Amino acid sequence: MMTKKNYLKSINNKSYKVINGFVILAVIIVAMQLFSFKNDLYNNLRGSIRGLRIAIFGTKYGFRHYTYAKAEILGRYLNRRYPGQKALIICQPGFHKNERTEKIIKFLAKGLGGKNRIVAEAIKIEPSMDIPGSEGKVLPLEEIMTATDFEKIVASHPCSSIIISLIGIPQDKEKLVFWNNKNKHFALFYSNLPGEAKNIKSGRIIAAVSFKPNIKFTDDPVPADPQKAFDTRYLLVTPENISEIKKNYPNLFK
């Protein structure tokens, strides 16, 4: 026969077991929550690191590979239009130290038909005191380069009939002489369509690359085919198609 003392002891043991069970369950729940939080934190951190890596190093998912496809397709177009002709690529000073620029040149050469078809040279800026407010300031290249600087670099490469600018176009562009020469063919790797539409239509600029309007920048893998990668993000604007592009994308020219 169970005494009162033994009965109470039995009850207490059962209570401890129930409490211990709840404690263990609570620990398991907390551990699961912590694990889930850790996984979420890890995934978020991994995504952030991946995005940063893409932005910096330009993996196959990165913006840089679209730029290289852009270079190759522009090169292909120029090669089709002017087969066998050599190209001068006008670059920023110090471009040999810039891996991205070197790769753009490499893919332009690929599109044009090989390294022997191109020569790349940095523009040489002549000092000028005619820029108001420039005293003691380091101005952007596009604000200090002139038509004279372009004329000198083009004149130093008389065998290059294709001229590709990686640095845009000088502000005093109306003073350019070479782009009125029918034996010189000027292309812009980076373009400002509202400012260049007239010169593209007239044939002074025979090709200019622009972003498509309303494109979505993602980290999806870049298409393996350069043409497909190009078509995802860019438009190649020429004297022949500028009217149609302006009709289809009027906001590009505003």
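The legends below describe close-up views of one predicted model. Residues are numbered from 1 along each chain as its sequence is written, and side-chain values use heavy atoms, with hydrogens and water left out. Because the model is predicted, local features need pLDDT of at least 70 and side-chain atom pairs count only at pLDDT 80 or more, whereas totals for chains, interfaces and linings use all residues.

View 1. Helices (H or I, at least four residues) and strands (E, at least two) are DSSP runs, numbered from the N terminus, and along the sequence they follow the pattern α-α-β-α-β-α-α-β-β-α-β-α-β-α. Of the 254 residues, 36% count as buried, where buried means under 20% relative accessible area, exposed over 50%, and partly exposed in between (1.4 Å probe, protein chains only). The chain exposes about 15900 Å², of which carbon and sulfur atoms supply 59%; accessible areas come from the Shrake-Rupley method with a 1.4 Å probe, and for residues only the protein chains shown count as cover. Among contacts (heavy atoms within 4.5 Å) between residues at least 6 apart in sequence, 68% join residues at least 24 apart.

**View 2. Helix α3 and its buried side.** Helix α3 (residues 99-112) has 14 residues and reaches 20 Å from its first C-alpha to its last, close to the 20 Å expected at 1.5 Å a residue, the expected span being 1.5 Å times one less than the number of residues. Thr101, Ile104, Ile105, Leu108, Ala109, Gly111 and Leu112 are buried in α3. These residues lie on the same side of α3 because they cover an arc of only 160° around the axis, an arc being that of the directions from the helix axis to the C-beta atoms. On the other side of α3, Glu99, Lys106 and Lys110 are exposed. The buried residues of α3 pack against α2, β1 (86-91), β2 (118-122) and β3 (160-165).

**View 3. Thr67 in helix α2.** Thr67 lies in helix α2 (residues 63-81) and counts as buried because its relative accessibility is 2%. Leaving aside residues up to four places away in sequence, Thr67 touches Arg100, Ile104, Phe189 and Tyr234; of these, Ile104 is one of the buried residues of α3.

**View 4. Helix α7 and its packing partners.** In α7 (226-233), the buried residues are Pro226, Ala229, Phe230 and Arg233. Seen down the axis, they fall within an arc of 100°, so they line one face of the helix. They pack against α2, β5 and β6 (234-237).

**View 5. A nonpolar surface patch.** Phe63, Phe211 and Phe217 form a nonpolar patch on the surface, with about 290 Å² of accessible area together. Patches are made of residues with over 30% relative accessible area and no salt bridge, like charges being joined within 9 Å and nonpolar side chains (Val, Leu, Ile, Met, Phe, Trp, Tyr) within 5 Å; a salt bridge is a side-chain nitrogen of Lys or Arg within 4 Å of a carboxyl oxygen of Asp or Glu. Phe211 lies in strand β5 (residues 205-211) and, at 35% relative accessibility, counts as partly exposed.

**View 6. Two loop asparagines, Asn181 and Asn214.** Asn181 is in the loop between β3 and β4 (185-188) and is partly exposed, with a relative accessible area of 32%. The C-alpha atoms of Asn181 and Arg204, 23 residues apart along the chain, are separated by 8.6 Å. Asn214, in the loop between β5 and α7, counts as exposed at 77% relative accessibility, and its phi is near 60°, a positive value in a residue other than glycine.
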